[in-house]
Structure formats: C-alpha cells, structure tokens
Amino acid sequence: MLDATPKEVSERKALRVNPCKTCQPVGAMYAALGVHRCMPHSHGSQGCCSYHRTFLARHFKEPAIATTSSFTEGACVFGGGSNLKKAVKNIFDIYNPDIIAVHTTCLSETIGDDLNSYIQQLENVPEGKIVVHTNTPSYAGSHVTGFGNMMSGFIKYLSKADAVKNGKIGIFPGFVNPGDMREMKRIAGLMKTDYIMFPDTSGVLDAPMKDHYEMYPKGGTKIEEIVALGSCEKVLALGEVTCAPPAMTLKSKCDVDFDSLPLPIGIEATDKYVMALSHFAKTEVPIALEDERGQLVDVILDAHPNFNKKTVAIYGDPDTVLGLASLVLEMGMVPKYLLTGTPNEEFVKKGQALLDKFGVEGCKVKANGDLFELHQWIKNDKVDLMIGTTHGKYIARAEDIPLVRAGFPILDRYVHSYMPLVGYRGAMRLLELICNALMDRRDRDAKDEDFELVM
Amino acid sequence: MNERERILDKYSARVFKNRKDHIVELDDSGMPKQIAANSRSVPGLMVNRGCCYAGCKGVVLGPLHDVVVLTHGPIGCGYYSWGTRRNKGRAEDGRNFMQYCFSTDMQEPDIVFGGEKKLKQAIKEIVEIFHPECIMICSTCPVGLIGDDTSAVAKWAEETYKVKCVAYSCEGYKGVSQSAGHHIANNGLMKHIIGSGEAKPDKKFAVNILGEYNIGGDGWESERLLKLIGYEVISVFTGDGSYEKIKNAHVANLNLLQCHRSISYIAEMMKTKYNIDWIKINFIGIDETIRSLREVAAYFNDPGINARTEEVIASELEEIEEDREYYREKLTGKTAGIFVGGSRSHHYQNLLADFGIKTLVAGYEFAHRDDYEGREVIPDIKLDADTKNIEQLTVEPDNRYYHLAIDKEHFDALKEKTDLEYYAGMFKDMGDGTITVDDFNHYETEKLLELFKPDIFYSGIKDKYMIQKSGTPSRQLHSYDYSGPYACFKGAINFARDTYMSIFTPAWNYITPPWYSKPTLEGRIGAEAIAGGEQNA
C-alpha cells in the first residue's frame, strides 16, 4: 500500500498529492441543503454537480439533491446566462422548491459570469419564490470556504435588521454532521435558549425511512429564520475558520454582533459553548447537562492509562482538527501531527496555541498540506493512532496504524453522520472510539500469555 | 394516457419538446424504434450524467496502475476521481499509482497568469519523486478556457525527462456527457500508446479485452476463464491495465469488446491500423457468457480451443448449478428497472433474465443511438456541434504490425452468425410495453417507480437513496454496492445473491410502525365510560 511514497521529504512547489481538501462548491451545496425546501444549483458543467451529489450521498447515505446549468462549449463562449434562466424555470416547474441557491464553479468563474445581474434579470421566478447565489471559485480556499460563502450568500440576499431585536441568538454550527447539529440544538434547548440554527441539515440529511420519499424533508433552516438572523441579539459562530466570515457578513449587513468560538469538541470547548448560551439566555446550567460533563470527566479518568501519552495524527477540516486536538490534549494524548488541506494560517496559530497551553512539544501543525506529506512525516516518526477522514485509510493500512474516522468525508462507514462529535456526549463517543481502537490493537498484538481478560 | 405520456405530462412545452424523443415505448410490432441520445441535457433537470473529464480520467485512464495521471486544474476534480470507481488493480512491484491522487491544485494566480509553469513544475516533481514511465495529463474546465497548451508541455516533458507523456484536453464542458471523455481518451491512447511497444504479432490465441474496467474484479473473472481455455490476454482496456501492457496491444489477434459505448473507437481504429478484428462479447449473464465464449472459439476455429471452451463452460455450470436453481426459484417473476452507463443496462438485462427477472424500464445515462438501436443506425446518426468538437481521429494501416488472423471466407461466415464487428443494441432485447428512457432524471425516475412499481431498481449512488426511500430496493450498478465480481458464471451467482438480499432483507418489514395499525392508548370512552359510572367519579 502506497509503496511509491518515499520516506525522504522533498519540497514540492506545484504538485499536490493525496489532497486533504476539496473544492468550494461541495461545501456550498452542503450548506444549501441545510435550508428548508431549498434546491442547491451548480452553475457549471454537469460533472461538478454529479461529483458533489455523489460525495454527499456517499458520506450521508442519503439523497443529496441538486441541479446544474449543464454547460457545454457554447455556454462557455456565450456565457451561462441562458442556461441559468432555463434551469431556474425548469427547477421551479418540476421540483418546486421555495428557494434556489446557486453557487458558481471554476468554469463559470473563469469565464466571468456575473451572477448578480443574471439573477436580477430573471423574469420567470414564480411569486413568493426566491433565487440567491454565492461565488465559489474552486481555485481558492476549500470546501470549508465554500460552506461559509454559501452562508454569506443567503445572508446577503435574505437577512434583514428589524427596528426591534427578536431576542434570539443565531447559532452557526460549522461544517459538521446533522448529528452534531442535533446535539448543539439539544444543548441549546437544555439551556432554554431561543435560537436560530443556520444552516441546519438535521432532518434533511438524516431523514428517517418512511413509507414514501420526500424530496424536501421537514428539516432545514426556514427562509423566514434566515431573514430573522438580521434581528438576532447575537450570533455564535462555532468553528472560527468556517463561520467567522459569514458572521462578519451578517455583522456588516445587519449589525449583529458575534462571538467566535471553537467547535464544541472536548470539555473546554463545550464548556465555552454552554457558558455562552448561559450568558445569553441568563439561565443556569441544568443538572442534567452538568451530569453529562461529570460523566465525561469520569470516563476519561477511568480509562486514561489506555491513551495517556499516546501519539496521534489528526487531519481534516481546520475547525474539526482543532476541536479533536483540544479533546485529545484534555485526554493526555500527544497530537503529534495536526494537518489540514485548507489554506488557512489561523489554523496554524490556533493549533500551536493549543499545544503551548498544554505544554506539549515536538508536534507539527500545518495548513495547506496534503496526506502524502502526512504519510512521509509518519514514515519518519510513527504515531500510535490516526484520527480523520476516510482518505487516511491508505496510510493507516500502509503503516499499520489504527484509524478513528471523524470529519468530512467518511465514505466507507455507516451511522457516523447521526452520531455527534460535539458536546459532552460527543466527546464521550469519541473517547470510546479512540479507546476501543487502541485497546483492540493491544488485544490484536498481544501474545497468548499477555492476552488480558480484564482491562 | 399511456405511461410514456404520463411521464411527459408534467413538462412545459419546451422541455416536452426535448424529452419526448428521449422516452420510447417498445412494443412487439417489430417496428424499428428511434431514440434521441447523446444530446445536451436540459439545464435544471436533475440528471445523473457526469462530464467529459469524468469519462476520460475517471473511467478510461484512471485504472492504468503504472501511469501517473495528473489532473491539471483546481483540486476538486482530482479529489473526486480518487479511488471512487472500484476499478480494481494490482501492481506486481507494489507501486500502484491508483492509490494516489495527483493534481496541480490550481490557484487564482494560475488562472489569471496561466497554469503551464505550474504544470511543468508538477511534472518535474512527479519525475523526481515517483520516477514513472508514463505520465498522463488530464485537463479540467478552466484549463481550456485560459488556453494552457498541455500538449506542448507533454512534448517538453518527453524531451526533458525521457518519459512517455500524453495530454488529454478533456475539459468538463466538452461534449454532452462522460461519453466525450471516453472518445478523447481513446484518441490519446491510440495516437500515443497502443503500438508504441516493440512486441511482434506472432501469437496464436492472443486477445485484448476492451471496455472492461474491472469493477469489483469483473475483469479478473473474465480473464480467469479465458486463460483456462487457452487464450493469452495481451492487455485489458483498462481495468487492472497498465501502460506496460497496452503499449503492446497491437500483437493481439482479436479484440473482445465488452463495453461498446466507451471503447468501440479503439476497436475500430485497431482494425484499420493493425487489421485486428473485434467481436462484441458480454461476460455479464450466464447465457451471454456461454455465447461469448463460443463465438470467440468459433473465431479461432481450433479443435483444442473448442474442446477447452466446452469443458470450461460445463465445469463452471456444474459449480454454480445448485445456487443457480436456488436463486432462480426465489427471483422468478420479479421485475426490475435498470438505468446505468452506456452498455450495462443492456448487459444486465441478460443477467436478470437468467434468473427470471423481467426488466420493465431501462435506459442509459450517456449512450448513443447505436447502443439502443444497433450499429446499423450509425450511418444515419447526425453529428451535432457538440460531437463535431471532439476530434474524429483517422488512422492508417501500420505495415510493421498489420497482421491477418483469419481469412475473408471465415470472417464472412462468422459475421453472418456471430456478433463479429456488430452490436445489436438494447432495443431488440426489449419490447412488450417496456419503456426506455435516455438521459433519465430525478423526476422521471420518481415517475417510473410510481407507474411501474418494479421490485428492484438498479442505478447509481445519486438516486439510490431516493429510490430506497420510495420503498423500492435499489442497488448500484456502477459500484455493485462494494460487492462483486458479477461477471461470468460465479459472478452471476454473486449478483443473484445480492439482488435476493436487497429484496428480502428483513428491515423492509419494519417501515410502518405498529401504532399505525394498532391502538396504543387503552381506556374507555363515551357511552361505555358513562355506563361505568365514571361521569360522576
């Protein structure tokens, strides 16, 4: 496996090998699926839309609907305006969403399609229906950037500041699974907070099996809620790299203040989330939630000999990696390698700050990296565990390292998208996954005479 | 209103005008049917088609395990086509580049100032780190728009680094589907790779398998049988294929064509250039596998080959006999819908028929008219602008390797009774009120499920979960839902086992909760309660 990867690390200026990121539009498509009765629309070649739907369907094991402008060579020459116009009419005629969320692709960006004017010129939008857009050039940022850009697109078109604030808090959940969004909402509910979560893919990409197919399941942020974001008292931007930019958009458009918080993965980050909600809603933390926290600390103490000082490589999206790093540091592990493919220097600063806080040395933090480089690091200095997305399984197999799957995308396992990583419960689940991976490995490798019944 | 009209009924005049010719009802009247195919999709319809890049890099070139396929473009396209197509491959030296994704990961300045410099640097780094013998460059959308000359870069790379380097201008917007990408890949392989090896055509029973991508190990299963019979498989295009092998593909005596859509171009060009005949075989389905093996044997007309062919057929049949009976009994009378690719929807109908399953509705994503109607329509197909933009390569006979396998008399006799240089298409195996839909979309799929209520629907990942949520078992025929092989005799049993599993898995019985049909609240109400004196309680 990966036998062509040399141990010796050489500088690469142009070649990307085994990326740890993908392009903006898939993030935009995912964000748009978190809006109720929304049709994500890809303004480009058919292939983009097909690839993105495929990836989302493979990760969530759910239908991922989206349409495309189906560019051909002609559209590249004359611009995609005519294709968009036809598409919008057909989408409303046939699929009848309440809103179409257009995102661009490298193709439509390169030819310079002006989506603002295309959308203004649309004559066939039925009464009460809406078309919004965002720019998601695939040659900048990553899928994480695209997620934030699509959020900004909705905000720019829809959010409005009323004269009176609505007493609500906006929660931007970051690029996380429906299971995480559910858990964030459960905690906000326990804190008796009046909130608007945006976007919200729970109830969309974890819709239950019924006796019929619903193209638009009941989940997703409602259009009027996106409008009402403009009158919120405040926004919690969870996942600073992902959600601070759309929070800035809302701030500049509607003057809604925001707090940037890390994704609530691990004890402290969840504490911050809970405290922020408590501070906002002026509610005390209920015993039920405090007990969850206490249980988490309890199991970490119980199980710590199994993971303390174990080294781990964590890779994936910036906010997720930072969250996971925070948890493993709390568990007493050493996050030897922190890597994201997304180009973002904030990630490096924040990662380093976490390491400094726990006084952990000799670790590497890198943004704009790739899995080929991570593999080379591991070849030179091995780790006990890997935590990240499916694409790391090649390295895990090549180097015989246990892998805990977390993040986006996970293409080769089931149920993960229903189970939170966030909150005290999410941390407890992660702890179980980590502990099981390490202990299964110990069982597997033990000689008969060392094989333990009780551990 | 018949089913076809009910599907089309929802469309606006403009969409109706387009879609009506893509939906054909087939009857037993024997009237030839025509279908519109390989034309632009309607913007806004949720189609399953991919793009030119997906056909070129994803399908045809991706499986070449000793080639570094470098995607020149922003990161997405390379990322999505990395390890996602189940084209299995093993490299004897362990250096299998299919496990890797190589991209120039173009950034904004590359788009603004041109990407050739970065492409050259990436190739330099590939050579220094990976030392491949062959590099292929696949362009994504922006590359063609900004005008990077990737062919010139490939030439530069060959001169500078003494590697084989081929550039494919397979930008996603070209053509109308993956099909354009297949064609572009075929052209590049023909121009630069096939015949570039030094091997001499001096073999007796040598074949290439064309259009076999080794999904789930299908190619390995076909190859196993062919080798048992006594054939030498020179190369496979391109499942578990390699530059090392396909450069000598010219030494084969016969090309076995599995996927007509994606690779008939190479079959035709190799006929002209090397005089290698081709035959349309199909290793999907038990009866079809038997037919194919016998027709290939008839081509070589050798007593030993003939005898071994019958021995292998008999022994394979014997091995699967019990399972075949079991699944046939379980599945007979079931009905299916099948929508995939450009050849599979036909191939799998034969396999379904082996187990008594009737196909009610079928269609392709990216086929051309000949895949539906048979090769006899090729002279009548009008080339539109999208097709004309794809290079129509013409080749000349190559005197070094031009060779004769069988004489004209034998060839003509075979052409009468086999699929030698002929493909009949899907329509002739359908009829009886069944419906064929070209370039099907989400809405039409929903409608077909509603109207025909098939017991199982074979398609891909994009509609799998929609179909399943509609209450119909669904299996992917692009990826086999991570199972396989489905080819030949044992593969047929795998397929039947998987189909049976998906139709009969117990969870289908739990969709409706019991409280929908039985009361959950127990108590007394109304007159009964009054009679019990509870009113005064």
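Helices (H or I, at least four residues) and strands (E, at least two) are DSSP runs, numbered from the N terminus. The radius of gyration of chain B is 26 Å, close to the 24 Å from the globule rule for 537 residues, so chain B is as compact as a globular protein of that length. That radius is taken over C-alpha atoms, and the globule rule is 2.2 Å times the number of residues to the power 0.38.

This is a predicted model: local features need pLDDT of at least 70, side-chain atom pairs count only at pLDDT 80 or more, and totals for chains, interfaces and linings use all residues. Residues are numbered from 1 along each chain as its sequence is written, and chains are lettered from A and ligands numbered from 1 in the order in which they are written.

Stay on chain B. Its C-alpha atoms fill a box of roughly 105 × 65 × 50 Å along the principal axes.

Now select chain A, 24-158, 169-288 and 303-449: these are domains 1, 2 and 3. The bounds come from an automatic or database domain assignment. Keep domains 2 and 3 of chain A; their C-alpha centres lie 25 Å apart. Their contact takes 26 residues from domain 2 and 25 residues from domain 3. Two residues are in contact if their C-beta atoms, placed from the backbone, lie within 7 Å.

Next, show α8 (178-190), α10 (240-254) and α11 (267-281) of chain A. Each supplies at least two residues of the domain 2 side that touches domain 3. The largest share, seven residues, comes from α8(A).
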